[in-house]
Amino acid sequence: MLDIIREKRRVAGLNGEPILRDESFELLLKLVKEKKSKRILEVGVNLGYSGIAMLLTNKDANLTGIEINEEKAALARENYKEFGVDKRAKIFLGDASEIIPVLTGEYDLIFLDGPKGHYYEYLQNLLGVLSVGGILFADNVLFRGYVGGKVKTPHRFNTTKNSMEKFLNAITTSPDLKTEIIDLEDGVSITEKLR
């Protein structure tokens, strides 16, 4: 089943869908398996392939997704059904900026792949629903090489770059968190909540 998802992801990528890159995808699944993550939050569902893969990786897991695009959310729900994980996955349709602050309960794993300029804005509320020992996995944290200065930032991306730098500073300097930033593809960060 995971091989079918991998192929669907490949096709979606060829069609211009913003999907999690291959090595980052495999790293995410490895974390789900190692940590035995049962309650997963996905910010930015798109077509649902990453969520399906996480649910297939851990048969005991449940997924809550947030997606702003109604059409994508509908397609993701169809994909959940196709892979038989629809009973373990739900999607909140709307703006993550409005949904994240009102989330309740705790999550073992949060996969953050929404609008890059909002990671810092979401952070405090996400940490509020992340369980102690839980993982926040964020994609695109090096943002096309602009973060960290590998590539000169075009003016139109300065706000996003600055916001991402604030996010990275917050997750790497807090004594309550242990963070690894991995220079893989577009950059991922893996943050464990210590207390």
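Which residues in helix 1 meet which residues in helix 2?

The model is predicted: local features need pLDDT of at least 70, side-chain atom pairs count only at pLDDT 80 or more, and totals for chains, interfaces and linings use all residues. Residues are numbered from 1 along each chain as its sequence is written, and side-chain values use heavy atoms, with hydrogens and water left out.

**Exercise 1. Describe how helix 1 and helix 2 pack.**

Step 1. Find the helices. Helices (H or I, at least four residues) and strands (E, at least two) are DSSP runs, numbered from the N terminus. Helix 1 covers residues 2-14.

Step 2. List the contacts. Contact means heavy atoms within 4.5 Å. Leu2, Ile5, Arg6 and Arg9 in helix 1 meet Asp22, Phe25, Glu26 and Leu29 in helix 2.

Step 3. Sort them by class. Ala, Val, Leu, Ile, Met, Phe, Trp, Tyr, Cys and Pro are nonpolar; Asp, Glu, Lys and Arg are charged; the others, Gly among them, are polar. This contact has 4 nonpolar, no polar and 4 charged residues.

Step 4. Read the geometry. Axes are lines fitted to C-alpha atoms, for helices over the stretch in contact, and angles run from 0 to 180 degrees between N-to-C directions. Here the angle is about 150 degrees, and the axes lie 12 Å apart. Helix 1 is therefore roughly antiparallel to helix 2. (Roughly antiparallel is over 145 degrees.)

Step 5. A crossing is left-handed if the near helix is turned anticlockwise from the far one by less than a right angle, and right-handed if clockwise. Helix 1 and helix 2 cross right-handed.

**Exercise 2. Complete the set with helix 2 and helix 3.**

Step 1. These helices pack at about 35 degrees, axes 9 Å apart. Their crossing is right-handed.

Step 2. Phe25, Leu28, Leu29, Val32 and Lys33 in helix 2 touch Ser50, Ala53, Met54 and Thr57 in helix 3. The contact holds 6 nonpolar, 2 polar and 1 charged residues.

**Exercise 3. Describe the largest pocket.**

Step 1. Know the term. On a 1 Å grid over the protein atoms alone, where a 1.4 Å probe fits, a pocket is an open set of points with protein on both sides within 12 Å along at least five of seven lines; lining residues have an atom within 4 Å of a point.

Step 2. State the volume: about 670 Å³. Grid points are joined across faces, edges and corners, and a volume is the space filled by probe spheres set on the points.

Step 3. Count the lining. It has 32 residues, with Pro18, Asp113, Gly114, Lys116 and Asn140 nearest the centre. They divide into 14 nonpolar, 7 polar and 11 charged.

How values were computed: Parallel < 35°, antiparallel > 145°, perpendicular 65-115°, else oblique.
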